[in-house]
Amino acid sequence: MNRKFFLQFFNIVTVIVLLCPKLFSQPDSSYNVLRYALNTNLYNCFIKPYPHSFEASESIIIKAEMQTSRVSLNAVNSSLIIDSVSEAGTSFTHVSDILTINLDKLYEPDDTINIQIYYKHKDIKDSVLYVKEGLVYTDCEASGARKWFPCKDVPSDKALFSLVAKVPSTVILGSNGLLVDSLVNGDTVTYKWESNFPVATYLMVIAAKVKYNLDVVNWKKFDGKDMEVRFYWQPGETRFNLENIKKKISSMLDLFSSKYGDYPFEKLGFATTNKDFPWGGMENQTLITLCPDCWIENLVCHELAHQWFGDLITPMTWSDIWLNEGFATYNEAVWMENQKGYAEYKKNILNEAEKYLAKNPGWAIYEKSWNVSQPKDSILFNVEISYSKAGCVLHLLRYVLGDTVFFNCLNRYATAPEFKYGNASTEAFINFINTTSGEDLNWFFDEWIYNPNHPVYQNNFHIEESGRGKWKVNYTINQIQKNTVFFRMPVELKIVFKNGSEKILKVNNDYNLQTYSFEFTEEPRKVFFDPNDQIVLKQIKNF
């Protein structure tokens with residue numbers, strides 16, 4: 001845009017925003033947030049009648065990406081009251097969940113802007129701030145951070161985060177990053193938590209409780225330094241399950257660090273919540289929240305894997321959610337393989353495949369429209385698609401590439417400078433895997449990620465004696481699925497001979513009704529399709 005027309009254009013846009021705010025529900029792209037610093041007074045939230053209201057101030061440091069004299073933030077009107085703004089902010093409007101702050105001048109690209117916001121959270125239950133009988137926690141995924149502080153609430157805008165929280169002295173409070181201060185003054189303690197690495201807004205968290213129990217395990221990182229793993233737990237929880245997790249957490253960290261690069265953050269923490277918590281677990285960066293007494297091995301493993309896949313590398317948009325949930329689901333199986341061998345890994349993968357096949361809703365893993373229009377949680381976090389099918393697709397990729405290339409690709413992806421502490425899109429991930437593997441796998445991702453459903457096979461074979469003591473096998477692979485594409489895949493065929501011997505052949509199924517002919521000196525009796533069940537996302541129908 002020509003700069004001399006910018007201010008005139010901006011004024012026109014502002015009028016449109018005020019008249020039609022719903023058209024501008026997405027935060028503006030004129031800036032990136034560098035840092036959020038929250039100063040909250042949560043004291044009364046822990047005192048009967050346990051109100052949801054609190055007062056806070058927020059310092060935001062942003063970098064201008066283009067000329068701008070206004071900044072728009074997400075701030076839900078039903079949850080937040082904006083009292084005032086200062087520093088670079090001179091005035092504001094708060095309409096239809098958008099906080100528009102007028103700045104003290106026109107800022108140029110790359111300028112740094114400091115804004116101070118004073119606000120209150122209303123005494124309202126909003127499914128993000130949970131307050132009950134001495135327990136306070138937040139749960140923000142997918143777009144809930146905007147209900148407890150003004151922010152640019154999209155996964156692509158990661159920022160440093162610090163939290164100062166004033167609470168009763170009987171409260172233990174955790175958050176992202178490291179505890180840098182805890183000052184006791186009479187019946188009040190003020191905690192300060194600070195993250196040294198950028199955090200997506202949906203991963204920013206508070207977990208606090210009167211008389212939380214806190215256990216600390218020190219894990220020795222590969223560089224020889226100790227790192228704290230914190231366990232916030234509540235009276236009445238099953239100690240045996242907690243102790244099992246405390247015993248195994250170092251091995252989990254060792255495994256994922258060896259496969260995907262060193263654990264990427266300052267600490268690791270887990271905190272249990274209450275029955276109001278809507279999930280099994282939530283992968284908040286460095287402080288995972290769990291449902292009450294949910295010290296469950298595969299759940300803890302899933303949320304830990306997210307610290308690499310979701311937190312270190314965050315999806316560019318919600319269309320890319322499978323890069324979070326598929327990877328975390330898949331790594332539950334990787335953990336079981338590490339503990340009990342490949343058969344247990346495969347059992348886990350087949351279980352995920354069964355979940356998908358039993359309740360497949362019929363849409364693709366990747367939906368482009370979610371880039372700008374976030375669906376409801378039941379669709380975005382659909383277990384059968386975003387978790388089970390996506391996890392199984394990673395198994396299929398491992399089958400196509402082989403173990404060495406597959407895990408090398410994931411290691412290099414998780415440690416790539418262009419993704420670490422930033423974001424990845426589905427397209428960027430696919431391009432990276434193509435480059436790293438040295439193969440063009442667009443066909444694979446097109447059928448499994450961009451298209452819905454799965455192959456349905458109705459195959460047949462014919463065995464005949466061809467003379468001179470030889471036998472011929474003709475095997476035809478036939479896909480009969482509807483409402484999706486043909487699924488090209490490498491396929492294993494097991495030939496069972498009359499003498500009891502067996503032979504496995506691997507062929508490429510490149511088109512439908514493809515026939516393969518084989519000749520043997522032993523008499524074949526049967527042919528089995530995909531005998532090791534590597535193509536886990538499939539159905540087979542007989543004639």
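Which residue forms a salt bridge with Glu 502? I started my notebook with that one, keeping in mind that this is a predicted model.

**Entry: Glu 502**
I looked up the partner and found Lys 494. The closest N and O atoms of Glu 502 and Lys 494 are 3.9 Å apart, and the pair counts as a salt bridge because the cut-off is 4 Å.

**Entry: Arg 239 and Glu 243**
Next I went to helix H2, which covers residues 239-260. Both Arg 239 and Glu 243 lie in this helix, 4 residues apart, or about one turn. I found a salt bridge between Arg 239 and Glu 243, with 2.6 Å between the closest N and O atoms.

**Entry: Asp 153 and Arg 146**
Then I turned to Asp 153, which forms a salt bridge with Arg 146. Their closest N and O atoms are 2.9 Å apart. Are these two residues buried or exposed? I noted that Asp 153 is buried, and Arg 146 is buried as well.

**Entry: the count**
Last, I asked how many salt bridges the structure holds. I wrote down 23. Among them are the pairs Asp 153 with Arg 146, Arg 239 with Glu 243, and Glu 502 with Lys 494.

Terms used:
Residues numbered from 1 in each chain as written. Predicted model: local features only at pLDDT ≥ 70, side-chain atom pairs only at ≥ 80, totals over all residues. Heavy atoms only, no water. Salt bridge = Lys/Arg side-chain N within 4 Å of Asp/Glu carboxyl O. Buried < 20%, exposed > 50% of the residue type's maximum accessible area, 1.4 Å probe, protein only. Helix = DSSP H or I, 4+ residues; strand = E, 2+ residues; numbered from the N terminus.
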